[in-house]
Every structure is written in structure tokens, then in C-alpha cells.
Amino acid sequence: MTTPLRELQTTPTPVFTDAANAALLPGTASTLQALQQLARFGGHVWQRLLPWLVPVALIALWQIASSVGWLSTRVLPAPLEVITAAWTLTASGELWTHVKVSAWRALSGLAVGGGLGLLLGLLTGTSRMAETLLDSTLQMVRNIPALALIPLVILWFGIDETAKLFLIAVSVFFPIYLNTFHGIRGVDPGLIEMGRTYGLNRWQLYTHIILPGALSSILVGLRFSLGLMWVILIVAETISAQAGIGYLTMNAREFLQTDIVLVGILLYALLGKLADVFAKGLERYWLRWHPGYQAQ
Amino acid sequence: MTDISELSEVCAGGGEALVLQGLSKCFGEREVLRNTELRVAPGQFVAIVGRSGCGKSTLLRLVAGLETATAGTVTVNDQTLNGLSSDTRIMFQDARLLPWKRVIDNVALGLPKDRHADALRVLEQVGLADRANDWPARLSGGQRQRVSLARALVHKPRLLLLDEPLGALDALTRIEMHRLIEDLWLQSGFTALLVTHDVQEAVALADRVILIEDGRIALDETIDLARPRSQGDAAFAALEKRILDRVLQKPARETTSTNPNPTESRWPGVPAHGLRWAI
């Protein structure tokens, strides 16, 4: 084996390459450039693909393990089964109904809790009187985890929609309240003074200076709230529900349909991601004046 | 620059007479201004100089109506000042532009809707019409102050208060800003009150330089150099030196004797760096 190899290595062909170079010379520069570009493009694509390598490999491994039979479907269904389950649920329209119910619960809870948080935050942020009256009470209530209220909530509202709405509203209230309050307190007093000397009335001061100044902080609160919103929704829906993603997964669990359980879990993840992308979009639009949020 | 007729049309307002009578201001125990008397003729450009903490900014804030006097009155055009006035505009040391409004909307702040066109015209006067749709974060320090000047002038103020507006700018930009402020002042004839720690700036711009020392007016010097003034001029230099010498004559008040380092007094014998680990 070694002899031919050495032969190969030690056989230089200078004459041949020189001739080849000479023959190629007129077109070489452009061809070389095109090749380099192609290589650079390839490198670029490779760079973009690299982070996906591990997840794709894992899923492939998972699929193989399921097909071969190493992994019982009771533990984890094959990825293909999950996709099929998702597809049949979508085709029958069942998936869409559940997503609608869940999204409606989450968003109405956010609207009630977040709206109240925003209002009270604006109030305590603006008025010292309101702060003295309300803030310490709210800070005390804040320390109660929303989930600890579940027994009480069930006693109050039963296991109805109201209970879920209440839990979500309570949990999203505080991040928005706190961040609104601090956002308003953090507005540069110099700007407010400037506004006063330039003849702005109270309403104009609010809309032109205080609210925009507090906005970046309020949006941070919103993003926290969106994260919490889904967590609480999942818990609330697994307690008891007649529809919704939680109902879908709990129902599937009863019948050992692990593929549908997995579809539900992935749906939650997807919705959470969607909410985050939405909040980021709001930030990018509303804070486009901010050097920290400007597109590169 | 646009022609003079248009300028005066936008900024015309004339000046207001300003009279301070027995004006005093205390912050707690500390008396910042003591029984100050000052008369400023309509259209006059007055510069107030002094060491930092002498009370010159407080004087300006009293005239602006941002602070209330402990004693005495501020009279603007025969009317005793009571709070903010719509004929007075103030230009702050930091430009205080709203970062979330575009340049043009910053200039139009507080302007009635039908006068928004004026904003662009004034912006043109300060040479920034092409930056109208930029965010303030994209402007340089000098450009921000020019926007802030435009924002003040668009209201056609009859009294313009300038609170060290050029303090943070570099030397070249300052000279440019001096020209701009002087031009606009000459054309629209408002009364101007400029607080500065830079004697050269005071001499370059003002009809009158006032020195405040320990809360009192210690010097009132009329500058009758022809405009535009050149800083290389011998008379200019002599005047500047005289005022500067007068400012420096009195040694700075020892702040350490009235306000000892609290860390050291509470922890005798322990150097501050020795305490850092415990905090």
C-alpha cells in the first residue's frame, strides 16, 4: 500500500500545471473570482445551517429509535407520528377550535390584567398620593404566587372560564404594573420641566413626554407578562377545561395518545414564541427612535 | 441662510423690559440670591457670569418662572411674573430634545397645529432643514443645541433665557453658535439673558456683562464693541481680561469646610478604600 502512495506524493508535474495555467490564463481571473464567490456563498450557507445540525440530528435519531423499536410509543411517539397527528387534527378543524379557545382565554386575561396593571401603574407613577395609598398594598399582594390562589379561585368561581381568566389576569397584572410605575418614575424630570416651560398642558405632557418616556419599560413588562400568561394558561387548562389546548392534551393522555400530547406541547411553545415575536415587533416599531432598537 | 425679511417675519416679537427688585432665594438655610436688583432694557443682550454655584442659574430659573422667589419680584413688561410665561422661552444646557420625536416634531412641540409650517422655516434658519426627519439621537451635540434654539425661537419669544447652552460644545461649534445666536437676536430683537461661565462667550455676545458673586451682583460692565465682534481684537481681549481678572479676584469659597466628607467623619481613621469591601 505504501509504495504507490509515496509514488503519488513524490511525483510532481510542474510542466503540466504550468501549461494548464498558461492555457487558462485569459479566463482565470474571472473564473477564480466566481469560484471564490461560490465558496464564500457556500461558507455563508454553511454558517447559517450549522446551528440546525444538532436539532436535526437529534430528531433523526429520535425517528430512527422509534422505528427500530428502542423507544416505546407510550414514552415518546415518533416525530412522523406527531406530524401526522398534527395534520389530522388540523384537517378536521379540531386543532383550530382548541387554539382559538386557548388564545381567547389568554388574551382576554391579558387584556383585563394588563389593562388594570397599566392603569394603576400610570396612576401610582404620576401621583404621589396614589402611590402612598396603593403601592405598599400592591407590593404585598404581589408576593402571593398566582398559582397558590388556585384552591381559593376554585371556591370562588368554580372551575369555569372565570377562574382561568382570573388566574391569568392576576399573574400578568404585576409585571405590567411594576414596569409602568418604574418607567414613569424614570422619565427624565428635565424633559418634563422643558415641556412645562414650552406651554404643554397636563394632557400634552402625558402624551408627548411621560408616556413615550415610559414606553420602553412598559414593553419590558409586557414581554414578561406574555411569558407568564402562557405558563398560567397551561396550568389553568390542565385543571379542568371543556376545550382548549390543555383539554386536548389531558384528554389525549386519558387515551394514551402521546402523539397528540406532544402536538399540544409544541403548540404551547409555538404560541409562546409567536407572542414574543409580536412583542419584539412592537418594541421595534415604537422604540424605533432608540439607538438600541434601530435595525442594523 | 434665508434673507432677513423672512427671518424677522418668523421670529419678530420685539423684546421685553425685565426688572428684578429685591430678589432673594433661599434653599433651606442656604441663601443663593441676596436682594438682587437688575434692570434690563427691551432688546438688550445681558450675560451673567460667575463661578459655579454662585446663583446665576437660580436667577435664570426665577426669571423663567420655574422657581418662586423667597422675597422680591420679577417684573416683565410692567407685569409681575407669576409662574410660567408664554412670551419667555428657555434654552437649557442639555438640549432636552424628546428622543422619541423627530427633529421637526421637537421644534413644533407646543405649537398650535396651524403654525407647524413655521417649524420648518425656523429649522431652516438654524441650518438643519435637511435633518428635519431624523431622530435626535443621530445629531451631534452642536446640532442638538441648534434644534433646541429653533424650538425656542419658533414661539417668537420676547424674552429668551439661555442657561449655559453652549457649555458642552467644542470650541469651533461654540464660535459658530455665537454667530447664529447673535444673528437671530439682531434680526428678531428679543431680550436675551445668557448664563455662562465663559467670559469670552459673554464678551462676544452681550451688551452687558454682569458678575454674580455670593448671590449678589458684583460687577455690571457695558460692552460697547461693534458687532460682529472679533475675538482677536485688542479691545475685546482687554475687556475679557479685565472681567476674567475680576472673576478670579475672589478666591473660591471653601466648600470642604462647610461640607466635610461624611465617610471620613463617621469612620475616623479608616480610609474610604478600606470600607469598600463591606458595602
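Modeller: In this predicted model, chain B has an open sheet of 6 strands in the order E6-E7-E8-E3-E9-E10, with mixed pairing.

Colleague: What makes E6 and strand E10 (216-222) of chain B the edge strands?

Modeller: Each of them pairs on one side only. Neighbouring strands of this sheet are turned by 20° against each other on average, direction ignored.

Colleague: How do you know that strand E6 (residues 88-91) of chain B and E7(B) pair?

Modeller: Pairing requires at least two bridges. E6(B) and E7(B) share 4 bridges in the parallel sense, so they count as paired. B:Thr88, for instance, has B:Leu159 in E7(B) as its bridge partner.

Colleague: Why is strand E7 (residues 159-163) of chain B called mostly covered?

Modeller: A residue is buried if 20 or more other C-beta atoms lie within 10 Å of its own. In E7(B), 5 of its 5 residues are buried, and the strand is therefore described as mostly covered. In a regular strand the side chains alternate between the two faces of the sheet. B:Leu159, B:Leu161 and B:Asp163 lie on one side and B:Leu160 and B:Leu162 on the other, and both faces are covered.

How values were computed
Residues numbered from 1 in each chain as written. Chains lettered and ligands numbered in written order. Predicted model: local features only at pLDDT ≥ 70, side-chain atom pairs only at ≥ 80, totals over all residues. Buried ≥ 20, exposed ≤ 12 C-beta atoms within 10 Å, placed from the backbone. Helix = DSSP H or I, 4+ residues; strand = E, 2+ residues; numbered from the N terminus. Axes fitted to C-alpha atoms, helices over the stretch in contact; angles between N-to-C directions.
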